[in-house]
Amino acid sequence: MEEGSAFLMTGLNVSLQLLVLLLLPPTECKLHPAVCAMNDPLQTQFHYSQPGDLIVGGIASQYLSMAEHVTFEEHPKTKIVDEPIAMTKNYQHALSLAFAVKEINENPKILPNLTLGFHIYDSHFDARITYQNTLNLLFRQNRTTPNYDCDTKGNPAAVIGGLGSETSSHMASLLGMYKIPQVTYCLYDPAAHDKTQQLYRVVPNELYMYRGIIQLLQHFHWNWVGIIAKADNKGEKFVRTMEHMLSQNGICAAFIDTIPSQGNILDTLDLLNVFQTMPFTQNKTGVNVYIVSADSHSMLCLQVGLSMIEPDAMAPLQKVWVMTAHWEFSSETFHRGIDIQIFYGALSFAVHSNEVHGFQHFLQSLDPHSREDGFIKVFWEQSFNCLFPDTDGGKESSNACTGEEKLESLPGPFFEMHMTSQSYSIYNAVYAVAHALHAMHLSRSKHRAMEGRGSLESSKPQQFQLHRFLRRISFNNTAGNTVSFNEKGEIEVGFDIVNWITFPNQSFLRVKFTLSDTNGKKIHRPFYPDLKVVPRSVCNDNCHPGYSKEKKEGKPFCCYGCSKCSKGKISNYKDMKTCFQCPDAQFSNKEQNGCLPKSLNFLSFDGPLGVSLALLALFLSVTTVVVLGIFIKHWNTPILKANNQNLSFFLLLALLLCFLCSLLFIGQPQPLTCILRQTAFGIVFSVAVSSVLAKTITVVLAFMATKPGSKIRKWVGTRFANSVVLCCFFTQASICMAWLWIAPPFPDVDVHSLAEEIILECNEGSTQMFYCVLAYMGFLALVSFIMAFLARKLPDTFNEAKFITFSMLVFCSVWISFVPTYLSTKGKYMVAVEIFSILASSAGLLGCIFSPKCYIIILRPELNKKDQLIRRNY
């Protein structure tokens with residue numbers, strides 16, 4: 001950080017000194033340019049120029065500065081570097097500018113009768129040199145004096161550059177004072193340049209790239225990533241932005257590594273210890289995806305640091321590097337042996353570009369002996385590792401440059417024959433300036449014609465006038481893309497996502513597999529030939545369907561455990577936060593990862609339980625009919641007369657109807673059957689129990705009437721017994737009528753009681769009225785039981801009070817046990833319990849009361865005689 005601070009302080013001091021000079025009034029030299037020749041304390045030896053009527057300036061970044069830091073303790077050196085180190089990949093930037101100028105000059109539709117020239121200097125990635133060469137563009141003499149211009153013809157109409165945000169910022173601080181348009185191709189933060197109105201950017205907003213990174217991570221489900229950035233203000237801002245956007249989208253940063261900010265490339269020799277201790281080189285975090293703020297300086301330090309680490313000390317890689325749009329895959333000449341397989345399968349963002357026809361032919365026609373191109377000689381020597389015979393410095397080399405070497409033979413990391421994304425941006429920048437100049441000169445020609453002026457030289461256009469034309473330009477370049485600036489001075493274009501496939505011979509394949517723009521187009525699977533699946537980068541394994549995520553205390557939110565879904569709930573996707581209930585008509589399967597349709601639950605005639613109960617009801621009904629037939633046949637026998645044969649007939653008829661009404665409970669509930677079930681059962685059962693009660697009362701009254709002088713004799717008879725039955729019948733009927741009036745039963749569906757079945761049932765409507773019906777029958781049964789129990793020992797030959805007592809005991813036992821059993825069962829079993837209670841209690845009455853009589857009538861007919869009745873009474 002100290003080196004980086006010194007770098008910034010140097011730039012600040014130079015800016016302050018230049019500001020004082022720039023406040024001086026402008027002075028124009030009227031003498032011959034030779035008179036203005038002076039020596040500059042900081043000499044730059046590399047530039048590329050081509051004369052023209054209009055000049056476009058450029059600041060490239062293709063040499064690394066080896067100049068020492070200024071300490072203000074001694075006079076600074078005048079020469080920048082003894083032996084320049086060329087970043088050969090960046091030489092294409094200057095060539096794309098020259099190629100664009102060549103095309104424009106050959107196009108008669110752009111700037112007719114005018115030629116476009118250029119002057120290109122280099123920044124050397126150094127603040128002092130950037131300032132110096134920016135001034136050299138503005139005031140072209142050997143010794144730079146601000147506001148003292150001896151060659152106004154060579155002043156640039158606009159300046160294109162630079163590669164990095166620092167370089168562009170240094171240029172803007174000078175160009176903005178002179179209102180000279182600057183078109184940059186670096187990824188600038190718009191917020192930092194709202195006040196710099198002279199800045200135009202042929203790249204989209206950086207925010208779109210951040211969104212594209214998030215979209216890429218989400219598409220491949222990478223939520224456990226590492227961040228690598230430079231240890232400076234720009235790196236800190238990148239980390240803050242990424243951390244915020246990652247957390248907003250459910251992605252965690254497992255680690256954040258910073259690359260030391262180095263002021264001099266020689267300082268990278270001290271990076272070995274730093275890189276060996278970084279988490280991403282040791283693979284201790286299990287992260288498989290690294291997001292790198294890949295500006296030129298950071299990637300240079302990263303590559304140098306990785307090249308110095310022993311291969312055996314590196315953890316098995318197979319990592320995915322996600323690079324920002326600053327990066328072009330490059331290797332510098334001083335570390336030719338770096339294993340580029342480290343970046344196998346890397347993904348990078350790049351400003352959208354298309355193939356430009358004619359560019360490769362232009363590259364093939366380059367002359368390494370060109371005097372105008374001051375960059376090509378060093379580039380050629382360092383790219384092909386040779387020396388030209390006229391090279392200064394007394395260097396010896398066994399490999400001499402012939403000039404016949406082929407650029408296409410160079411590995412991709414050193415030089416590419418296809419126009420890179422950054423070169424394409426420069427190409428568009430030159431065309432944007434040319435179209436703006438063309439529009440400005442057309443406008444001036446119209447005004448000159450209207451005002452009757454003669455020569456155009458009489459009113460030479462100023463650079464600041466170009467701004468309004470640049471803001472409004474819109475054109476299609478030769479590659480077919482539309483170029484225009486929005487209100488923020490940014491070009492309206494998206495990003496490409498590039499998949500880098502590297503090979504052991506230092507070559508690579510660039511696979512552009514989608515576009516990532518503001519519309520969020522679909523992303524396809526990247527190309528990993530040796531891997532069957534895309535690498536995973538998660539803190540832990542996914543929670544499979546049937547499980548939900550469970551937070552781990554003290555761990556980032558991306559690290560979680562998995563808990564089984566609770567009973568009845570499911571999760572049908574991976575990594576679901578919570579399990580959820582199936583729809584009412586469905587239930588969860590055993591794995592709890594899906595829902596199955598519930599089956600219908602009702603007591604049907606098709607099931608074994610329904611068939612059994614139906615057969616039992618029919619059997620008891622037939623039995624009752626048989627008993628009824630026997631009684632009718634022996635209607636006038638003493639045993640029937642002694643026990644009121646009318647009540648016996650009513651009782652048998654009621655029992656027959658009880659057995660038959662149980663069939664109403666079997667089958668799918670229907671509106672009519674739901675209404676008849678409980679009401680018919682309640683009324684018929686009340687008739688049966690009231691008949692038993694009437695028989696019991698008759699026995700008691702008959703015994704009491706035998707006493708001398710008893711007044712109860714008038715109550716003994718058929719009329720009173722019938723009155724009891726009718727009274728009980730109408731009471732129960734009234735309760736049922738009120739039930740049907742208030743809340744009648746209806747077919748209903750119960751989807752909650754059983755997990756895997758839907759219960760089709762009859763909703764009682766009013767539960768209170770249902771229990772009133774049962775309570776009334778229970779009251780009648782209890783009274784009958786008490787009366788029969790009290791009369792069980794009365795002397796009578798055919799006294800059936802004992803049998804009634806036992807039958808009521810059976811009846812009450814069945815219905816007392818019915819209540820808890822009924823409430824504890826669900827679905828068809830609840831209905832089966834009620835049917836069984838009806839059949840059991842009715843069968844109890846039939847068996848206990850009528851089986852003894854049938855026994856006497858059929859098997860002991862000798863006992864069914866009047867004399868037998870008289871003999872027993874006496």
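## Nonpolar surface patch

Accessible areas come from the Shrake-Rupley method with a 1.4 Å probe, and for residues only the protein chains shown count as cover.

Val-611, Leu-615, Leu-618, Leu-653, Leu-657 and Leu-660 form a nonpolar surface patch of about 470 Å². Two or more of its residues come from each of α14 (608–633) and α16 (645–661). Leu-653 sits in helix α16 and counts as partly exposed because its relative accessibility is 34%.

## Basis of the model

This is a predicted model in which local features need pLDDT of at least 70 and side-chain atom pairs pLDDT 80 or more, while totals for chains, interfaces and linings use all residues. Residues are numbered from 1 along each chain as its sequence is written, and side-chain values use heavy atoms, without hydrogens and water.

Gln-732 belongs to helix α18 (residues 718–742); helices are DSSP runs of H or I, at least four residues, numbered from the N terminus. With 0% relative accessibility, Gln-732 counts as buried (under 20% relative accessible area; exposed is over 50%, partly exposed in between; 1.4 Å probe, protein chains only). Its side chain reaches the backbone oxygen of Val-773 at 3.4 Å.

Among the buried residues of α19 are Val-773, Tyr-776 and Met-777. Gln-732 touches these three.

Conventions. A polar contact is a pair of N or O atoms within 3.5 Å; within protein, one must be able to donate a hydrogen and the other to accept it, and residues adjacent in sequence count only if both atoms are side-chain atoms. Contact means heavy atoms within 4.5 Å. Patches are made of residues with over 30% relative accessible area and no salt bridge: like charges are joined within 9 Å, nonpolar side chains (Val, Leu, Ile, Met, Phe, Trp, Tyr) within 5 Å. A salt bridge is a side-chain nitrogen of Lys or Arg within 4 Å of a carboxyl oxygen of Asp or Glu. Lists of a residue's contacts leave out its neighbours within four places in sequence.
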